[in-house]
Amino acid sequence: MELSSVPTDAELLELAGEVASAVLQHRLMLVTAESCSGGWIAKTLTDLPGSSAWFDTGVVTYSYEAKEALLGVNPRTLELSGAVSEETVLEMVSGALARFGAGVAVAVTGIAGPSGGTPDKPVGTVWIGWKRRGRYAHAQLFHFSGDREAVRRQTVAAALIGVRKTLTE
């Protein structure tokens, strides 16, 4: 599927359907660990009827304390690398799989704006991580453009595309 630069609701729902098919085909459950997307990935996935057959849990963790308590992110990682980092998203996605019964996970952390950006991490900086149980986690850095909603929509799309890819590799 080819996406517009800022995906529409219909495009996100189509991607969610593709993810659902892939998760079901592999007989897995999916968990999401979200920060900057605020649960939008989980919402998009659970908009699909029958999602309880393959969607396990969605966790939204904005604060350092929530990332530590709910996903097992090491406080030292947050202190040294910050919440918006490869190290943190890899710990988020690994923690999500360790804490819940799913077979595949996606995690996102970033700066959706309009404020909060820095020269090193401007608004639109998003790290997304994916992991399938029994395999290594991997992460990718994105630099999305637009307002808060545009950044979040692009984050949801990239996260879903990555889940699909993780299950087909």
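Leucine 45 touches Ala16, Val19, Leu30, Thr32, Ser51, Trp54, Phe55 and Leu160, leaving aside residues up to four places away in sequence; contact here means heavy atoms within 4.5 Å. The model is predicted: local features need pLDDT of at least 70, side-chain atom pairs count only at pLDDT 80 or more, and totals for chains, interfaces and linings use all residues. Residues are numbered from 1 along each chain as its sequence is written, and side-chain values use heavy atoms, with hydrogens and water left out.

A second, separate core of 18 residues includes Val59, Leu71, Val84 and Met92. A nonpolar core is a set of buried Ala, Val, Leu, Ile, Met, Phe, Trp, Tyr and Cys residues joined through side-chain atoms within 4.5 Å. Buried means under 20% relative accessible area, exposed over 50%, and partly exposed in between (1.4 Å probe, protein chains only). The largest nonpolar core has 34 residues, of which Val23, Leu30, Ile41, Leu45, Trp54, Ile128 and Leu160 touch the most other members. At least two residues of this core come from each of H1, H2, S3, strand S4 (125–132) and H6. Helix H6 supplies the largest share, eight residues. In soluble globular proteins, nonpolar side chains tend to be buried together.

Helices (H or I, at least four residues) and strands (E, at least two) are DSSP runs, numbered from the N terminus. Within H1, Glu11, Leu12, Leu15, Ala16, Val19, Ala20, Ala22 and Val23 are buried. The buried residues of H1 pack against strand S1 (30–34), helix H2 (40–46), strand S3 (104–110) and helix H6 (148–168). Arginine 27, with a positive phi near 55°, follows H1.

A salt bridge is a side-chain nitrogen of Lys or Arg within 4 Å of a carboxyl oxygen of Asp or Glu, and by this rule there are six. One of them joins the side chains of aspartate 9 and arginine 153 at 2.8 Å, N to O. Because aspartate 9 lies in helix H1 and arginine 153 in helix H6, this pair ties together parts that are 144 residues apart in sequence. Arginine 153 is buried, with a relative accessible area of 12%. Glutamate 149 also forms a salt bridge with arginine 153, the closest N and O atoms being 2.8 Å apart. Both of these residues lie in H6, four residues apart, about one turn of the helix. Glutamate 149 is partly exposed at 42% relative accessibility. Through shared partners, salt bridges join Asp9, Glu149 and Arg153 into one network.

Aromatic rings of Phe, Tyr and Trp (its six-membered ring) pair if their centres lie within 6.5 Å; planes under 30 degrees apart count as stacked, over 60 as edge-to-face and the rest as tilted. The count comes to two aromatic pairs. Tryptophan 54 and phenylalanine 55 are edge-to-face, at 6.4 Å centre to centre and 90° between the planes, and both residues are buried. The pair of phenylalanine 142 and phenylalanine 144 is stacked, because the ring centres are 5.2 Å apart and the planes are at 15°. Phenylalanine 142 is buried at 15% relative accessibility, and phenylalanine 144 is buried at 12%.
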